[in-house]
Amino acid sequence: MKIVRHLLFSQNSIKATKRTTIVFTPHHSLLLDNLKTYIMNKPLPSFLKLCFLVLVYHTPISNATGRSLIDGILLPTQKNEQPYRTGYHFQPPSKWMNDPNGPMLYEGVYHFFYQHNPDAAIFGTIVWGHAVSYDLVNWIHLDPAIYPTQEADISSCWSGSATILPGNIPAMLYTGSDSNSRQVQDLAWPKNLSDPFLREWVKYAGNPIITPPAGVKDDCFRDPSTAWVGPDGVWRIVVGGDSNNNGMAFLYQSTDFVNWTRYEQPLASADATGTWECPEFFPVPLNSTNGLDTSAYSGNVKHVMKAGFSGHDWYTIGTYTPDGENFLPQNGLKLSGSTLDLRYDYGQFYASKSFFDDSKNRRVLWAWVPETDSQEDDIEKGWAGLQSFPRALWIDGSGKQLIQWPVEEIESLRGNEIKLQNKKLTSGSVVEIQGVTASQADVTISFKLEDLKEAEVLDTSSVDPQVLCTERGASSKGAFGPFGVLAMASKDLKEQTAIFFRVFQNQNGRYSVLMCSDLSRSTVRSNIDTTSFGTFVDIDPRYNEISLRNLIDHSIIESFGAGGKSCITSRIYPEFLNYEDAHLFAFNNGTQSVKISQMSAWSMKNAEFVIDQIVKSAA
């Protein structure tokens, strides 16, 4: 749950929340009877069977959804009417969206939930928006899943995570904001498990199940993670927070998923980082691109600890020992927020959430990509916020960092392919890539360099790469670089977003590859954040070509360097509104020539975003 931005917004215009409860119906009783039979027939330890029967069969409930919110939702029909809306990135039909919540796969259907203000294009009273998909590309919008109805969440239903309980029962742990703006942790589950879309959700009447611990401010305790089971059969989660401005992932344990006890020490912490948001803790297998269930802990496995603070998602890789609840980061790296620490993405990418997709044996990651225009622009557009395209995530062969790559289903949107091979880019070259829809494209390109002894000399060991990208942007001539791609560019290049590389060597002949997204000329409009982004890529250009992939989609560009070792996501708002006027170029502004060894560019079709027929009929 992102707190910083919403403090800027007035709550005066937010509509009053309607409270609704439901009675325990015979239909619901039959559902729980079926769950009881299902669980009792599963090969589970007897105490776990008892725990889940208590949870799903003997606890009172209340309705999770307060009212239908379909009124006023219209999908834009023409791109020129909504020039910054995307063609294949997820966004709701209208209004505000921020954090991804509770992604999961249930009965062959992918579920995606998100922080949503259905009443305005700014932050306000938050519900859980809900959409479903069969392929992570095309989506069906549903009514909100969880809406403020209880004292434990009456001010907002904030971020949380999904856990699949024994018996294939999805459970949501989420942060509620109560009437005193205290952040507490709540529990909900589906009303009807026979509905693969899980349209309706009910809440545990005993909410909240976790309240802020002593020494933690009421508004600094949020975002429970997906739960995992240790070898002792006990559930564990982490909840983000801080104590005296020291960020931490509080660890909680439970045998029944309802009663939780805080462990004496946090699983991870760091001084002076402020409140940790949206923490995640999950395993990754070494020497494999596969994902793992969150409860996997043995074998050739490392664990990832991720937390959001200072507007970025930081992570570290280490070894987890469940017996002593000890997580030891490798290489001494902690989540301190230094330039040496690892980040998922070095651009606009925050509050990420992942899940294990057991149908394809992979871990899939989303993140909120906020707007960087003005609040007035958002109100005029009628919407705000995107989600990154889903990424598969795994550990690099070196074991030092994670790799991210768009899920393979994105290829279903590719149209005509344009290829280029062995193209030399001399100093000052700007070559247009024609034949693709430049405003909605997927572009992969690889550069080959020679005579690296001519590279600029610079000790990059203590340099902030973002500062370096700002000081030495696309128009700053070096030796090898800047070279790369000019995306969402006007024909006269007055507007352009340059995603490029630059190569340096230090006094000892070791090489560093800088990757930048230069937004300084992305628009001629005023009141737009045109901050440039940058990071170093873990690659040796003497032995490897330098590759770049860009997902271009109107107002967002997701850039993947060196096969997903380094990622930068940017938001752009060029002034030209006719997207047929968008252009795409390869360029080299270095003094040394570089070669495009190969390039493939595809025009991307629109993904399908539709409203559920049940919702339509109720409108």
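**Exercise 1.** State how many aromatic pairs a search of the whole structure finds, then classify the pair W128 and Y174.

Solution. In this predicted model, a search of the whole structure gives 32 aromatic pairs. For W128 and Y174, the ring centres are 5.9 Å apart and the planes meet at 65 degrees. Planes over 60 degrees apart count as edge-to-face, so this pair is edge-to-face. Next, locate the partners: W128 belongs to strand β4 (residues 127-133) and Y174 to strand β7 (residues 169-177). The pair therefore ties together parts 46 residues apart in sequence. Finally, check burial: W128 has a relative accessible area of 0% and is buried; Y174, at 0% relative accessibility, is buried as well.

**Exercise 2.** Classify the aromatic pair W276 and F309.

Solution. The centre-to-centre distance is 6.1 Å, with 10 degrees between the planes. An angle under 30 degrees counts as stacked, and the pair is stacked. W276 lies in the loop between β15 (268-270) and β16 (277-285), while F309 is in strand β17 (residues 301-309). The two are 33 residues apart, and the pair links distant parts of the chain. Both W276 and F309 are buried.

**Exercise 3.** Find the rings over which the charged ends of K381 and R414 sit.

Solution. For K381, the ring is that of W383, with the charged end 4.3 Å from its centre. For R414, the ring is that of W602, at 3.6 Å from the ring centre.

**Exercise 4.** Describe the largest nonpolar core and a second, separate one.

Solution. The largest nonpolar core has 50 residues. Among those with the most contacts inside it are I445, F447 and L584. The second core, of 36 residues, includes W201 and F250.

Methods
Residues are numbered from 1 along each chain as its sequence is written. This is a predicted model: local features need pLDDT of at least 70, side-chain atom pairs count only at pLDDT 80 or more; totals for chains, interfaces and linings use all residues. Side-chain values use heavy atoms; hydrogens and water are left out. A nonpolar core is a set of buried Ala, Val, Leu, Ile, Met, Phe, Trp, Tyr and Cys residues joined through side-chain atoms within 4.5 Å. Buried means under 20% relative accessible area, exposed over 50%, partly exposed in between (1.4 Å probe, protein chains only). Rings of Phe, Tyr and Trp (its six-membered ring) pair if their centres lie within 6.5 Å; planes under 30 degrees apart count as stacked, over 60 as edge-to-face and the rest as tilted. Helices (H or I, at least four residues) and strands (E, at least two) are DSSP runs, numbered from the N terminus. A charge sits over a ring if NZ of Lys or CZ of Arg is within 6 Å of the ring centre and within 35 degrees of the ring normal.
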